[in-house]
Amino acid sequence: MEDIKDLILNYVINEYLDDDDEKITYDTPLISSGYVDSFSMVSLLVFLENKFKIKIPPSKATPEALDTVNNIVALVNQYINK
Amino acid sequence: MSNFGLYEDRIKNFDWSVTEKELEYTDGNILNIGWYCSDRICQKGKADKTALFYEGFGGIKKEYSFNDIRLAGNTIGTFLRSIGIKDEDRVCLFLDRIPELYFSFLGILKIGAIVQPLFSAFGDESLFVRLENAQTRAIITQRKHLSKVRKVLERLPNLEFIVIVDHNKTKELESKEIPFSLQESKPVENFEIFPTKGESPSLLHYTSGTTGQPKGVKHVHYSIISQYLTSRWVLDLQEDDIYWCTADPGWVTGTSYGIIGPWSLGITQCVLDAGFSAQAWYKFIEDYRITMWYSAPTAIRSLMKAGEDVVRDFDLSSLRHLASVGEPLNSEAVIWSQKMFGKPFHDTFWQTETGSIMITNFPGMKVKPGSMGRSFPGISGVVLDAKKYEPISEPGQVGLIAFKPGWPAMMRGYWNNEEKYREKFINGWYLTGDRASIDVDGYFWFVGRDDDVINTGGHLVSPFEVESALLEHPAVGESAVVAKPDEINMEVVKAFITLKPGFKPGPDLELEIMNFIRKKLSSIAMPQSIEYMEKLPKTRSGKIMRRLLHAKEWGEDIGDISTLEND
């Protein structure tokens, strides 16, 4: 579980944060804080689908479901091994 | 009762001097938007009235009076003068929607310099081409965006000052970087406003076209005449209103109606600097008792998608008037807002180049869901025959939306691009690049763009700019970019690419290319999908037939393909 969490957290830090000083955690809101905007959500989704070999239906990829690393992990876990 | 009253009464003998009288302006006098939006309001006895309710992410709340914003504008203006910024120098605002963005806007105008607002989500290449074109002398930014500025600084010899408004001393300052803290600066009470005139340049907003690099749309201080009156008659702003314009000042709506319109009227406005969430937006309306809400179809469709239950969790009874801008507002959204809020969103149509609202569904008038509305008084709006460039008189026939130049907020040129500016006018008409029909009642009905520019979520994206950026990725051989239909954003960017030898198509490469464009240009310009092709369709002369790819995406007839290259 920690591996998935850290994998996603590191991806978000590397791809979406411009400032090295900014620190985010598993519970930091990503969408509602503006770190990841609605257009960028698509690239985040593609990352999750590629990395975990899953397909997340558009209806489930809501801003709320992708808003924190913990939420994302819960979403991904619904589709892994299914 | 709305400010506007009856359409027939308003168009009768209309003259823009109605605003000049209200603003006590006479031709040839000093006219400075920064002064009109702050000092004048204070002189009118509203110094203590709230100008801005600000809420940032994490619950940060601030409130500023008109006197506060007057002092903040003076203080920033004084600082800019102290480092040598002069009238007509371009000063870029590369900031999130923090209070300093709004106050710097006033300060730059007060010293007679030109504001160049840029969307803070722009990537380094988007930033570079706009700063280079404008020969920008100073940029005001935040720590979080500094890395993008540093990346392009070497290629920008005219950029002399990088002002950081939230420097916290954890980062070493580099060449040309200057910290500035509004909180730690002594407020400047007495300030000599630069004596700008009506035709003095005020703003440079960048917009995208089908070909070439983005164009800097030059506006002048006299634009306030249109922006003030349209804010009164279309947005229906009234003395006790609490107003929320959801647009970012990196785009023209965020300055014309997110700063100039409301503040020149002395209206209290709210700013929410956070990402989109239906709950957060409704809570914001409830908390601040917002009465007038100016938003965009993409946001409205996102709210619709979030469902009806969430609306009922909040008290939104304060809402008095709603309006929308950015792209055509579909009839479903108008009907939905009537059902959910008890009032419809009123569509407004205008552009970066027009500077103010041109066509709209007016408050108090019948709203035709799906229609753009009627021309604003004093605006000669028509649809032109696409071949003869003459007005079409027959109702329902589709033509090019055009306006007779002469309204106060009309752009005065494209920066360093006289040729492109001239191309916008034919037969004495300003061509918008959009197509529509007009019905028997004079209501405009949007049909689509007349060019390949992509309107995604109300933002124009140049296919040329994205195609050029794609070619800089090591794997991409050729590229073609078109609009793809999208339920929320109306259109999104889709790229068709061929790969160079040695590269294999696959989902990981697709993601890599998406992120490459997002960082280089912006998330808006990032292709939401990429299709690999063996070869792109071309004419026999070698030109990529974007039209065929567009037709494929939209399920349209591909038309004449006689010029298509054959193997």
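Analyst: Let's start with helix α4 (residues 39–46) of chain B and helix α5 (residues 66–82) of chain B, whose axes come within 9 Å and cross at roughly 150°. Angles over 145 degrees count as roughly antiparallel, so α4(B) is roughly antiparallel to α5(B). Please keep in mind that this is a predicted model. The crossing of α4(B) past α5(B) is left-handed.

Which residues make this meeting? On the α4(B) side they are B:Asp39, B:Ile41, B:Cys42 and B:Lys46, and on the α5(B) side B:Phe66, B:Asn67 and B:Arg70. Sorted by class, this contact of α4(B) with α5(B) holds 3 nonpolar, 1 polar and 3 charged residues.

Helix α9 (residues 224–233) of chain B packs against α10(B) at an angle of about 80°, and their axes are 8 Å apart. Angles of 65 to 115 degrees count as roughly perpendicular, and α9(B) and α10(B) are therefore roughly perpendicular to each other. From α9(B), the contact takes B:Ile224, B:Gln227, B:Tyr228, B:Thr230 and B:Ser231, while α10(B) brings B:Ser256, B:Tyr257, B:Ile260, B:Gly261, B:Pro262 and B:Ser264. The class count for α9(B) with α10(B) is 5 nonpolar, 6 polar and no charged residues, whereas the contact of α4(B) with α5(B) has 3 charged ones.

Helix α10 (residues 252–264) of chain B is also mostly covered, with 13 of its 13 residues buried. Just beyond α10(B) you will find B:Gly266, which has a positive phi of about 75°.

Is B:Asp236 buried or exposed? It is buried, because 21 other C-beta atoms lie within 10 Å, and 20 or more is enough to count as buried.

For a contrast, look at B:Asn13, in the loop between α1 (7–11) and α2 (17–22) of chain B. B:Asn13 is another residue other than glycine with a positive phi, near 55°. B:Asn13 counts as exposed, because it has 8 C-beta neighbours inside 10 Å.

Now let's step back to the surroundings. Where they touch, 23 residues of domain 1 of chain B are in contact with 21 residues of domain 2 of chain B. On the domain 1 side, α7 (124–134) and α12 (297–306) of chain B are the elements that give two or more residues, and α12(B) has the largest share, 5 residues. That side of domain 1 divides into 7 nonpolar, 11 polar and 5 charged residues.

Chain B also meets a partner: 19 residues of chain A are in contact with 25 residues of chain B. On the chain A side, helix α2 (residues 41–52) of chain A supplies the largest share, 5 residues. By class, the chain A side has 6 nonpolar, 7 polar and 6 charged residues.

Notes: Residues numbered from 1 in each chain as written. Chains lettered and ligands numbered in written order. Predicted model: local features only at pLDDT ≥ 70, side-chain atom pairs only at ≥ 80, totals over all residues. Contact = placed C-beta atoms within 7 Å. Helix = DSSP H or I, 4+ residues; strand = E, 2+ residues; numbered from the N terminus. Nonpolar A, V, L, I, M, F, W, Y, C, P; charged D, E, K, R; others polar. Buried ≥ 20, exposed ≤ 12 C-beta atoms within 10 Å, placed from the backbone. Axes fitted to C-alpha atoms, helices over the stretch in contact; angles between N-to-C directions. Parallel < 35°, antiparallel > 145°, perpendicular 65-115°, else oblique. Left-handed = near helix turned anticlockwise from the far one by under 90°.
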